[in-house]
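Here's a quick briefing to read alongside the model. Take a look at the structure first, then work through the points below.

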Amino acid sequence: MTDFLVRRFIKNYQNTESSQVRTEYGVLASIVGIFCNILLFAGKLAVGLVLGSVSVMADAFNNLSDAASSVIGFVGVKMAGKPADREHPFGHGRIEYIAALVVAFLVIQVGFTFFQSSVEKIRQPEALSFDLVSMLILLASVLVKLWLGRFNKVLGKRIHSTVMQAAAADALGDVITTLATMASILFFYFTEINVDGFVGILVSLVVIWAGIGIAKDTLEPLIGQPVDPKLYREITDFVESYDGILGSHDLIVHNYGPTRSLASIHAEVPSDVDIETSHEIIDRIERDAVRKLGLFLVIHMDPVAVKDERVTELKEQVTAVLKKIDERLSLHDFRVVDGEHQINLIFDVVVPHSYREKDMTRLHLDIIEKVSELDSRYQCVVTLENGYVAEE
């Protein structure tokens with residue numbers, strides 16, 4: 001069914017890098033979500049009224065909030081697909097995240113409302129009734145939500161949408177809450193013990209947790225995330241594949257929406273090559289990055305002395321020292337300044353984010369001490385910095 005809907009309503013559905021195609025995926029997901037959730041709301045509300053169950057009605061209004069979420073998602077996707085203009089030169093892609101954040105607050109609000117209703121139900125419990133047709137409707141809703149979750153997950157993976165992935169997770173949460181609601185009704189039918197209010201609290205807490213999860217997933221790209229290791233390797237491998245590039249470091253990626261990213265990177269070039277030649281290579285890489293990766297890339301050149309065997313040997317020695325201290329450490333921008341009585345080794349060290357301030361201080365002293373053991377004339381001028389890549 002998922003593939004049928006995609007092929008039927010999305011032209012060029014395989015070109016998922018296109019912003020237009022991506023918008024069409026978002027619109028399809030929103031329309032399907034609106035239709036399914038309104039259908040589920042109507043069915044569960046009717047069941048809740050027949051059975052007199054607050055947990056079923058809480059579940060019903062959760063589906064209504066999901067339908068509202070899909071409407072907001074529809075508007076957000078359409079607005080996010082607008083091209084760049086004078087006021088917004090980086091496009092409107094982040095509107096999708098803002099729309100998802102609004103959705104998160106709606107979901108949390110629904111959860112809090114029915115938490116209060118469930119508490120009141122515990123204080124003043126009412127008799128429940130059992131109806132086979134109603135139970136079958138609830139079971140059908142579980143199957144619909146399972147499919148809807150799978151639908152959003154498949155589409156989310158195709159276009160790398162955190163919003164759709166969050167919708168898929170929310171659908172799975174709905175499955176759990178509906179099953180819990182059915183269990184409370186069956187429990188009352190066989191034992192005549194009314195736990196509906198307690199299950200309603202459980203349902204409301206799951207709804208609130210789902211809303212918090214959606215908010216977290218959408219706030220992270222707005223605040224700023226580290227570079228995904230896979231994307232890091234893709235960009236660095238691309239840059240380093242060009243002749244005249246010896247290595248790279250300090251990759252930073254800025255997200256302006258799911259289909260638009262800007263990045264900067266330091267590329268190491270031979271210091272003995274004419275600067276205009278290296279600059280021409282850098283320009284070509286930047287042009288190719290837009291065409292091949294869809295990435296606006298700014299490259300800073302770092303000259304490296306490749307024919308100075310002594311500098312190369314010293315760099316290897318210092319690298320070996322760093323690896324003995326912590327395998328995760330790496331260095332760049334290595335330079336040597338000779339003096340009559342001391343030799344300054346100047347370099348930057350990339351440190352994992354797990355290091356705290358006291359760890360950084362101790363690391364700085366360890367590097368100076370262990371490098372000086374190689375030769376008492378060595379004096380380290382070290383700059384410690386955190387990387388911008390997520391740790392695997």
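Predicted model: local features only at pLDDT ≥ 70, side-chain atom pairs only at ≥ 80, totals over all residues.

Residues are numbered from 1 along each chain as its sequence is written, and side-chain values use heavy atoms, with hydrogens and water left out.

**A buried charge**

- D302 sits in strand β3, residues 295-304 (strands are DSSP runs of E, at least two residues, and helices are runs of H or I, at least four, numbered from the N terminus).
- D302 is buried (under 20% relative accessible area with a 1.4 Å probe and protein chains only; exposed is over 50%, and partly exposed is in between).
- There is no salt bridge for D302, and R335, the nearest side chain of opposite charge, is 8.7 Å away (Lys and Arg count as positive, Asp and Glu as negative, while His and the chain ends are not counted).
- Beyond its neighbours within four places in sequence, D302 is in contact with residues including H249, H266 and D333 (contact means heavy atoms within 4.5 Å).

**Salt bridges**

- The count comes to seven salt bridges (a side-chain nitrogen of Lys or Arg within 4 Å of a carboxyl oxygen of Asp or Glu).
- R310 pairs up with D338, with the closest N and O atoms 2.8 Å apart.
- R310 is in helix α10 and D338 in strand β4, so this pair ties together parts that are 28 residues apart in sequence.
- R328 and D326 form a salt bridge at 3.1 Å, N to O; R328 is partly exposed at 46%, whereas D326 is buried at 11%.
- R362 and D359 form a salt bridge at 2.9 Å, N to O, and they are three residues apart in helix α11, so about one helical turn separates them.

**The second largest pocket**

- About 640 Å³ of space lies in the second largest pocket.
- Of the 25 residues lining this pocket, the closest to its centre are Y232, R328, S330, V350 and V389.
- β1 gives the most to the lining, with four residues.- Here a pocket is an open set of points on a 1 Å grid over the protein atoms alone, where a 1.4 Å probe fits, with protein on both sides within 12 Å along at least five of seven lines; lining residues have an atom within 4 Å of a point.
- Grid points are joined across faces, edges and corners, and the volume is the space filled by probe spheres set on the points.

**Positive phi angles**

- E192 is not a glycine, yet has a positive phi of about 60°.
- D333, in strand β4, has a positive phi near 50°.
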